[in-house]
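Subject: Handover of a structure

Dear colleague,

Please find the structure below, followed by a summary of what was found in it.

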Amino acid sequence: MKFQKELKDSIRKALPELDVVIGWCGSFDPLHATPHFIRREEDIDKLEIGPLSVHNLATYLPGLRSKKVGIVVKGCDSRSVIELLQEKLIDRENVTIFGFPCTGVVDQAKIKKALGHVGNVQSCDISDKSVVVVVGDQAHSLKLSEMLADKCHSCRYPDAIISDYFVGDKIGDAVPAKADYEALETFEKLSIPERFGYWLKELDRCIRCYACRNACPLCVCRDHCAAESRDPHWLSQENNVRDKLMFQVIHAYHLAGRCTECGECQRACPVDIPVLMLKQQMNKEIRDIFKYEAGVDPEATPPLLSFKMEEENITEKDW
Amino acid sequence: MAPVKYLKSTDLKSWLGELAQENRVFAPRYEGDAVIFAPFDPEQEIFIKYAATAPPKKTVFPQSEKLVDFMYSKDPEDLSRILIEAKEVLPQGTAIVFGGRPCDVRGFTMFDRVYMSEEATDIYYKARRDNTSFITLACDSTENTCFCHWVNSSPSDPTGSDILAVPVTGGLLLKAVSDRGESLLTSKLLSEGESKRDEAEKVIKEVADSLDQAPDLAQAPKKLLEVFDNIEFWEEVSAKCLSCGACTYLCPTCYCFNITDETQGMKGSRIRSWDNCMSALFTMEASGHNPRPTKAHRLKNRVGHKFSYYPDLHDGVISCCGCGRCIKSCPAGVDIREIVLKAIAFEPTVTEG
């Protein structure tokens, strides 16, 4: 990426005042990146940003609250930072934000699906148009637009909304290629028994590892989650789909109007359960009722964190 | 020499169907975009080209299992007395697991040393273990995350299996590894496989040769103990860890569990369910004290247990089968190989004076 050097220079400048800067670097194979914790000058060289920078690093911020932390953010990640600031789960003076103009990140699950197998990727070259992956000595060329994460197609915030350092030229207001909830709206057309059947089938393979919860930047109850609590005893530890669904419902409710739809829950799922849709459903309702979008205004209060005697779009008196 | 039989790919489902008449048969198949082990269903396609997303651990060590059913009742003679009736629930029947990989199946031998030792036997585990046969697929390719050869195994290691199946042209060459395995090779669908033996040996050799040189892990147990109290070391290597249970629950050698009573009204069950040392509650004590308060402490335990404490207790055997699922399925890309090698290479800074 052309502004990678500029980013490294900014980090180099800020690092002496910071305990750590979180970015991304290469991982176990050329198709993946991994979060990179820069503590020393020499760690800066390993930093890599680009379409493999999939992780939302804001997830690490609440756990590092007592430290001076730098964080590199995509536009979508910056919305999580804003949400955390709104909820006073992190302190603005302790966080240094490095933004860059993001042109989208890939969805590795799509690449895996397109190629059938990505266990022995030898190289991965991503240009403006294509993703060329060499697997088992065979090169496969995929269209980048088809391999991008769904959220990138409906992205309206390619530039970090909030930042202390911004490298590269801002993309400005993006016109999303797709409407926000296209897939969800198709799903909503199914009957309730069909939708319920879908979730029972998908969640059956859940292993209850709670990667969805732990990868979520806004799942901040951390070690006090209803999923494992014995008192109150919301969920049993049995391997039944009812408890698995119940947890997902609790998760979605807790995130209503807070979730920025970064998709980390779904990306983290080791058995590929499409759990983001549950949160999108809640957000769609919030958008319609409260005309609110999470994580775009640091001064705003999420609708379910506030109280009004008379809600504009909830007309209880007429019921 | 153990008998070898040839099974045509087109007969695979029929053969498993035969085996399913008297056993519960598990085989890998696609569920959504993940490959998991599920009860054999002739209507559904089996997927054995590559290793499954989740190992067949649950076939012997279920995600949750009933240990005891219990029921409370009031003594009609004395209503202040509550009576409890408890009934042990032992696993019944025999099972066959088809399509696990050598790493997956060897994983159970790590369980055996703990759950079927001379000092103590876990009757629930033993009931399933003794009654489950493994028809294991030797790997004909490897992945970037594979490292079975680091931990004294190989892509064709038959340890823990009853039959080793090697992919050959048009089907599988089945080699009995145990007497129980031999008794499963009686079907009329199987033909004499002697003529395919050389081809199978070639497949095995080619895959073994494709693996790079494994590092020497002999120092791992000692070196991991040396960094035990070095919290900075563990904070650095665990920084990106999310402290979820994906690695543990997909691990063929992780065997920790929780026991809870799940009661509804006057009835309930005592169940055992998977637990994991990456969870904060895992070591939470009743007093409120938690000896592993951070993810650094917890990841240290996970790595230390596999590469140091377990080998120290069990003749140097590393309790990791090298399947690599913890690496490829980690949402944050934590690489256990990197951590072990860092611990081995770690030299404490010498301070003068």
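In this predicted model, the centres of domain 2 of chain A and domain 3 of chain A, taken over C-alpha atoms, are separated by 30 Å. Chain A is divided into domain 1 (1-106 + 153-177), domain 2 (108-147) and domain 3 (179-310), with bounds that come from an automatic or database domain assignment.

As the model is predicted, local features need pLDDT of at least 70 and side-chain atom pairs count only at pLDDT 80 or more, while totals for chains, interfaces and linings use all residues. Residues are numbered from 1 along each chain as its sequence is written, and chains are lettered from A and ligands numbered from 1 in the order in which they are written.

Helices (H or I, at least four residues) and strands (E, at least two) are DSSP runs, numbered from the N terminus; two strands pair if DSSP finds at least two bridges between them. In chain A, strand S1 (residues 20-26) pairs with strand S2 (residues 33-38) in the antiparallel sense over 6 bridges, and a hairpin of 6 residues joins S1(A) to S2(A). Ile22(A) has Phe37(A) as its bridge partner in S2(A). S1(A) also runs parallel to strand S3 (residues 69-73) of chain A, joined by 3 bridges; here Val21(A) has Gly70(A) as its bridge partner.

The contact between the chains (C-beta atoms, placed from the backbone, within 7 Å) takes 36 residues from chain A and 39 residues from chain B. On the side of chain A that touches chain B, the elements that give two or more residues are S2, helix H3 (108-115), helix H8 (211-215) and helix H10 (264-268) of chain A.

Yours sincerely

Notes
Contact = placed C-beta atoms within 7 Å.
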